[in-house]
Amino acid sequence: INEGIVFKRKETLTSMCDERARMLQDQFNVSMNHVHALAILVSTFHHGKQPTAIDQKTFGEYTKRTAFERPLTTGVAYALRVLQSEREQFEKEHGWTIKKMVTEDQSLIQDCDPEHLDPSPPQDEYAPVIFSQETVSHIVSIDMMSGKEDRENILRARASGKGVLTTPFNLLKLNHLGVVLTFAVYDTHLALDATPEQRINATVGYLGASYDVPSLVEKLLHQLASKQTIVVHVYDTTNKTKPIKMYGPKNVTDTGLLHISNLDFGDPARKHEMQCRFKQKP
Ligand code: WA2
């Protein structure tokens, strides 16, 4: 084929891929900032006021009305840090027991409805969800520290003070891959250079958002009406030798060109990329 045509094709693929990657990254960044702001809202109006100015009804209404600010998210929720010594009092106050999260394979045979879940066995501490956006109401009363990915996120969020992302995993109820973003909520104003230990000690809860990656990337790409032209895949490449596909079809035909655009979702501990190919050979 003519060299000029190949060059032009390469250029087209690069610009289409970079544009889509930038859009996804920007939308993710926008929603991440709003989730951060929600963490500050809970800190100010729940922990910072006596009595609290936030209950489930207020949280549900506010998060529903501001959902447009958090593109790509399925829902947000707030989990409280509860120590073992506080559990009995906490459960009496709320009128429910802290539940254990069901694992992936259990969820196939067991209902995920919190009403039917088992109480959490004793632990040093818990992170039961006390407030949720309507769209994720099924996680209320579940101890988020009882799920591997959620637990790792909680520990990393509170020690760092930054927004942190999970590896892609099967979200509850959805039963397909998604990611969770977590911000810790602290009871005091921490210095920017506070140590991890100071941060852990000051932690009172965790504000998290879940992202249904396949349906949300689909929505984003749909807006660009490019689906006839290119095939897009999104990968978590944190483990370079074992990339995890977050979006895209199973089978791809090799059409010669491949362009990889970097994706920065704001958590330096995780790496993501977008891969683009033409659907048809020239
Ligand atoms: N949110 C929604 N669906 C889930 C999930 C989750 N975590 N985990 C598994 N499926 C309240 O980091 C604190 C949200 C966890 C935040």
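Colleague: Why does Arg87 count as buried?

Modeller: This is a predicted model, and in it Arg87 has 11% relative accessibility. Buried means under 20%, so Arg87 counts as buried.

Colleague: What makes the contact between Arg87 and Glu91 a salt bridge?

Modeller: The N to O distance between their side chains is 2.9 Å. The cut-off is 4 Å between a side-chain nitrogen of Lys or Arg and a carboxyl oxygen of Asp or Glu, so the pair qualifies. Both residues lie in helix 3 (residues 87–94), four residues apart, which is about one turn of the helix. Glu91 has a relative accessible area of 16%, so Glu91 is buried.

Colleague: How do you know that Glu19 is partly exposed and not buried?

Modeller: Its relative accessible area is 33%. Arg20 has a relative accessible area of 3%, so Arg20 is buried.

Colleague: What do Glu125 and Arg81 tie together?

Modeller: They form a salt bridge, with 2.9 Å between the closest N and O atoms. Glu125 lies in strand 3 (residues 125–126), and Arg81 is in the loop between strand 1 (73–80) and strand 2 (82–83), so the pair ties together parts that are 44 residues apart in sequence. Glu125 and Arg81 are both buried.

Colleague: How many salt bridges does the structure hold?

Modeller: There are eight.

Colleague: Let's turn to Asn153. Why does Asn153 count as buried?

Modeller: Asn153 has 1% relative accessibility, and the limit is under 20%, so Asn153 counts as buried. You will find Asn153 in helix 5 (residues 148–160). Its side chain reaches the backbone nitrogen of Thr166 at 3.3 Å. Beyond its neighbours within four places in sequence, Asn153 is in contact with residues including Val164, Leu165, Val180 and Leu181.

Colleague: And the largest pocket: how much space lies in it?

Modeller: About 540 Å³. Of the 21 residues that line the pocket, the closest to its centre are His36, Ile40, Ala184, Tyr186 and Thr188. Helix 1 (3–47) and strand 7 (177–186) are the elements that give two or more residues to the lining, and helix 1 has the largest share, with six residues.

Colleague: Which classes make up the lining of the largest pocket?

Modeller: Nine residues are nonpolar, nine are polar and three are charged.

Key. Residues numbered from 1 in each chain as written. Predicted model: local features only at pLDDT ≥ 70, side-chain atom pairs only at ≥ 80, totals over all residues. Heavy atoms only, no water. 1 Å grid on protein atoms, 1.4 Å probe; cavity = no way out; pocket = protein on both sides within 12 Å on 5 of 7 lines; lining within 4 Å. Points joined across faces, edges and corners; volume = space filled by probe spheres on them. Nonpolar A, V, L, I, M, F, W, Y, C, P; charged D, E, K, R; others polar. Buried < 20%, exposed > 50% of the residue type's maximum accessible area, 1.4 Å probe, protein only. Polar contact = N/O pair within 3.5 Å; in protein donor to acceptor, adjacent residues only side chain to side chain. Contact = heavy atoms within 4.5 Å.
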